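Welcome! Take a moment with the sequence and the 3D view below, and then let's walk through some features together.

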Amino acid sequence: MINIFISSLIGSMVVIANGYIFNYLIFKKKINEFNIYIDSLLGFVLIGFISLLINFFLPINKNISSIFLIFSLFVFIYFFLKFEKKNKLLLVLTYLTIITFVIITYANINRPDAGLYHLPFIKILNENKLILGLTNLHYRFGHTSIFQYISALHVNFFLKEEFLNIPLAILPGLYFLYLFKNFIDEIKRKNEKNIIILFLITAFSLYSFNRFSGLGNDGPANIFFFILIIQFLIVQNIKDIDPDEFYKIVIFSLFLLMLKPFMIFGLIIPMILLLINKNKLKLIKNKKNIFCLSLICLWFLKNIFVSGCIIFPLKETCFDNLKYSNTEIVNIASKEAEAWAKGYPDSKIKKGFDQYNSNFNWVGTWSKNHFKKKVIEKILPLLILILLFISFSFVGKNYYKNLNIKNIFNDKKLLYLIYFLTFYMILWFLKFPVYRFGIGFLSSFIIIIYVFVFISNEKKFYNNKILTIILVSGFLVICTKNINRIINKLDQNYYNAPWPAMYSMNENENKIKKFEKIYDKKNNFLFFYSNGVECMYSSSPCSNYLNRNIQKTIKYGYQIFFYEKG
């Protein structure tokens, strides 16, 4: 376990160091202007950008990752020596190390997606530079997240390969710290609406993001969605926003898209800010746009090379004239993803994907199964908490007396968020109504509507100390829960215990699997076939699908997978 603890410490130092580098390069911040709680989160953005850029030309192998690690640690030491608030930094570092250790020790991986394509894709990044037409090997490689790139840059010579899990495990702890800090700040500002919003988001997040196995690609996307909402809410003047505040929101919204394509509409938030701003030209001409454009263009270019689509599997964004383009895979992936999100596996009447998805044929099946068992069950604690707040407010003396309805609609920020979240809710319901996709905007919508209607900045019915005690107690509960999980698993002895199992979905298997090699007609190696089981973190490239029509060519040193036609 000492290995995991040291890895958690080093991983936390790497994220903070890269957060400092990002803020120094992009926002020109001096060391003592660094805000540990929000600026450290930008470390994930920089690590992802570096890894993505490198893979266009080289595999993200141990040589590169080791150089990155050494450089990051030197930067952290320099930052620590120059930073005035050393005690605060040490406290944050200690907290992050302990929470990361507790979250990841003896944890499960995200099942089954980690074994199907998260870990196999990370292995591909470690052993290969950019591969064109990778979705022909496995369509899920078109669904990968920037977090796979972040993880790939953590496989080095100094620490175990399992270190690649550390960035994902650091995120919840850093996010909770960010939430608590903003909650305390809003109490100091006496912004009653924001206090309640942050309290409810924090309580819901503690409930939703306390397991490593529950994160996957959807967890980070929903976490950064909440961060985007909060950053918008804490802007003091949305019509005359500080450029640095604006570009943090832009960067988080772009990072959201790189985490999950469905989050592309998060860009509406910075668009709103730009449209209503008094100094539009000043924001548009800002040099930070160069980084923002570079970031998103690199990601879209990567998508085109991997799948033939700017956003996979949205067929309207695909280029059919590329050698490796495969419209059949795009159509199947699009229809299947939508059908499964709408409860297709639960349907007793097996219709085709097209028929099931159309004319709301799916609503009955979805509402009886996923809606009741997942959406209602997971959202219910939040609804109960809000109902308790409403009850207490009615008990509160004269809280609703002389309530002015007109004043409710004066809060433009909440109105903008309601329009934005309503749009997202409708889109989510019509296209991908699976709970894990919609955690962020479902809960945000409920919270914002409640605060918009029932909470006033002029009056309050609650006690800030009690709210703080509730949040701290909730945090201690999830820590205790994870510690108990570790204690209960101390006797487990699978291959890479106590790290999350990376090499087999079956924890009882004590060795890395060797899969079958697939060759083309000229006896050239194509890929590893896993015989239908999860590839995990094995040799690459690996697929659990076997298609004999796949061919491979090499041009300018780049591998290109394509389907043999005819």
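## Two cis prolines

Proline 498 sits in the loop between H21 and E1, where helices (H or I, at least four residues) and strands (E, at least two) are DSSP runs numbered from the N terminus. A cis peptide bond links alanine 497 to proline 498, with omega at about 5 degrees. Proline 541 has its place in the loop between E2 and E3, and the bond between serine 540 and proline 541 is also cis, with an omega of about -10 degrees.

This is a predicted model, in which local features need pLDDT of at least 70 and side-chain atom pairs count only at pLDDT 80 or more, while totals for chains, interfaces and linings use all residues. Residues are numbered from 1 along each chain as its sequence is written, and side-chain values use heavy atoms, with hydrogens and water left out.

## Strands and hairpins

Strand E1 (residues 516-519) pairs with E2 in the antiparallel sense over 4 bridges; two strands pair if DSSP finds at least two bridges between them. Glutamate 516 stands opposite tyrosine 529 of E2. The two strands make a hairpin with 5 residues between them, and asparagine 523 in the turn has a positive phi of about 65 degrees. Strand E2 (residues 525-529) is mostly covered, with 4 of its 5 residues buried (buried means under 20% relative accessible area, exposed over 50%, partly exposed in between, with a 1.4 Å probe and protein chains only). E2 also runs parallel to strand E3 (residues 542-543), joined by 2 bridges, and phenylalanine 528 has cysteine 542 in E3 as its bridge partner.

Further along, strands E4 (residues 550-555) and E5 (residues 558-563) run antiparallel and are joined by 6 bridges. Isoleucine 554 is partnered there with glutamine 559 of E5. The hairpin of E4 and E5 has 2 residues between the strands.

## Positive phi in loops

Most residues other than glycine have a negative phi, and most peptide bonds are trans. Tyrosine 556, although not a glycine, has a positive phi of about 55 degrees. Tyrosine 556 lies in the loop between E4 and E5 and is exposed, with a relative accessible area of 73%.

Phenylalanine 360 also has a positive phi, near 55 degrees. You can find phenylalanine 360 in the loop between helix H16 (353-357) and helix H17 (363-395); its relative accessible area of 48% makes it partly exposed.

## A pair of helices

Helix H11 (residues 243-259) packs against helix H14 (residues 288-307) at an angle of about 5 degrees, with the axes 10 Å apart. Axes are lines fitted to C-alpha atoms, for helices over the stretch in contact, and angles run from 0 to 180 degrees between N-to-C directions. H11 and H14 are therefore roughly parallel to each other, a term for angles under 35 degrees.

## The nonpolar core

Which residues touch the most other members of the largest nonpolar core? They are Leu41, Phe44, Tyr175, Phe224 and Tyr450, in a core of 193 residues. A nonpolar core is a set of buried Ala, Val, Leu, Ile, Met, Phe, Trp, Tyr and Cys residues joined through side-chain atoms within 4.5 Å. Helix H8 (residues 166-189) gives the largest share of this core, 14 residues. Leaving aside neighbours within four places in sequence, the contacts of tyrosine 175 include Ile201, Phe209 and Ile227.

Definitions and conventions. Angles under 35 degrees count as roughly parallel, over 145 as roughly antiparallel, 65 to 115 as roughly perpendicular and the rest as oblique. Contact means heavy atoms within 4.5 Å.
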